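Please read it alongside the sequence and the coordinates shown below.

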Amino acid sequence: MEDEMQVAEKRRILVAVDEGEESMNALTWCINNIIMGNPRTSLAILHVRRPTLIYPVMDDTDDYIASAYVLSSDVRNSLEKHEREVARVVIEKAKSLCCEFNVEVDARIEDGVPKEVICDAVEKLRADLLVLGSHGYSLIARTFLGSVSNYCVHNASCPVLVVKMPKSSSSAGSTRK
């Protein structure tokens, strides 16, 4: 019964990770500054695979175009295989980082639009804190690409911590600030 109460009282932290060093920096910062020395905190990591967007050729009256349409299935399968491998590598890298600090982690891979899937995962996991890395895009890039962190700050049902890369990459996640 006491163990059940301790599990119920744990603070749940979700860290979204991708293939960029910014998310691994955010994970390291989270471990160093929130997780370490706090046994009542559980950690989950999430990688979201973006949908593969392949548009088939609409006019298949030409044999060349029709064969391109057939190949698009092969291309799509190849891209999806690549995305699965990227997701596996990202999660393994994040799990390895957690292992270095002897931190238990619940690792998840989901498919969809990252900003939406992350906010949904916050709900499903009943996360108490969402941690994201900042890519540091300019205003123009954020306008065209969108900002996952900005969306999550405004739509997640829990507090959101956006961790910026340190100015000196040699101190990435290593100091407490």
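**Fold, sheet and local features**

Helix α6 (residues 148-155) lies across β4 and β5 and runs at about 160° to β5. Axes here are lines fitted to C-alpha atoms, for helices over the stretch in contact, with angles from 0 to 180 degrees between N-to-C directions, and contact means heavy atoms within 4.5 Å. The model is predicted: local features need pLDDT of at least 70 and side-chain atom pairs count only at pLDDT 80 or more, whereas totals for chains, interfaces and linings use all residues. Residues are numbered from 1 along each chain as its sequence is written, and side-chain values use heavy atoms, with hydrogens and water left out.

**Overall composition**

- The chain has 6 helices and 5 strands; helices (H or I, at least four residues) and strands (E, at least two) are DSSP runs, numbered from the N terminus.
- From the N terminus on, the order of these elements is α-β-α-β-α-β-α-β-α-α-β.
- Of the 177 residues in the chain, 33% are buried; buried means under 20% relative accessible area, exposed over 50%, and partly exposed in between (1.4 Å probe, protein chains only).
- Among contacts in the chain with a separation of 6 or more, 80% are between residues 24 or more positions apart.

**The sheet**

- An open sheet is formed by 5 strands in the order β3-β2-β1-β4-β5, with parallel pairing; two strands pair if DSSP finds at least two bridges between them.
- Strands β3 and β5 (160-163) are the edges, each pairing on one side only.
- From one strand to the next, the twist averages 25°.
- β1, α2 and β2 make a right-handed β-α-β unit. A crossover is right-handed if, with the strands pointing away from the viewer, the path from the first strand over the helix to the second runs clockwise.

**Strand pairings**

- Strand β1 (residues 11-16) is joined to strand β2 (residues 41-49) by 6 bridges, in parallel. Arg12 has Ser42 as its bridge partner in β2, and Ala16 has Leu46.
- Between β2 and β3 there are 7 bridges in the parallel sense, and Leu43 stands opposite Val105 in β3.
- β1 and β4 run parallel and are joined by 3 bridges, with Leu14 opposite Leu130 in β4.
- β4 and β5 pair in the parallel sense over 4 bridges, and here Leu130 stands opposite Val160 in β5.

**Burial of the strands**

- Strand β4 is largely enclosed by the rest of the structure, because 5 of its 5 residues are buried.
- In a regular strand the side chains alternate between the two faces of the sheet.
- Both faces of β4 are covered: Leu129, Val131 and Gly133 are buried on one side, and Leu130 and Leu132 are buried on the other.
- Strand β2 is mostly covered, with 8 of its 9 residues buried.

- Asn25 is located in helix α2 (residues 21-35) and is buried, at 5% relative accessibility.
- The side chain of Asn25 reaches the backbone oxygen of Lys164 at 3.3 Å. The cut-off for a polar contact is a pair of N or O atoms within 3.5 Å; within protein, one must be able to donate a hydrogen and the other to accept it, and residues adjacent in sequence count only if both atoms are side-chain atoms.

**Positive phi values in loops**

- Most residues other than glycine have a negative phi.
- Asn102 has a positive phi near 55° although it is a residue other than glycine. Asn102 is placed in the loop between α3 (63-100) and β3 (105-111), and is exposed at a relative accessible area of 72%.
- Arg126, also a residue other than glycine, has a positive phi near 55°. Arg126 is placed in the loop between α4 (114-125) and β4 (129-133), and counts as exposed at 58% relative accessibility.
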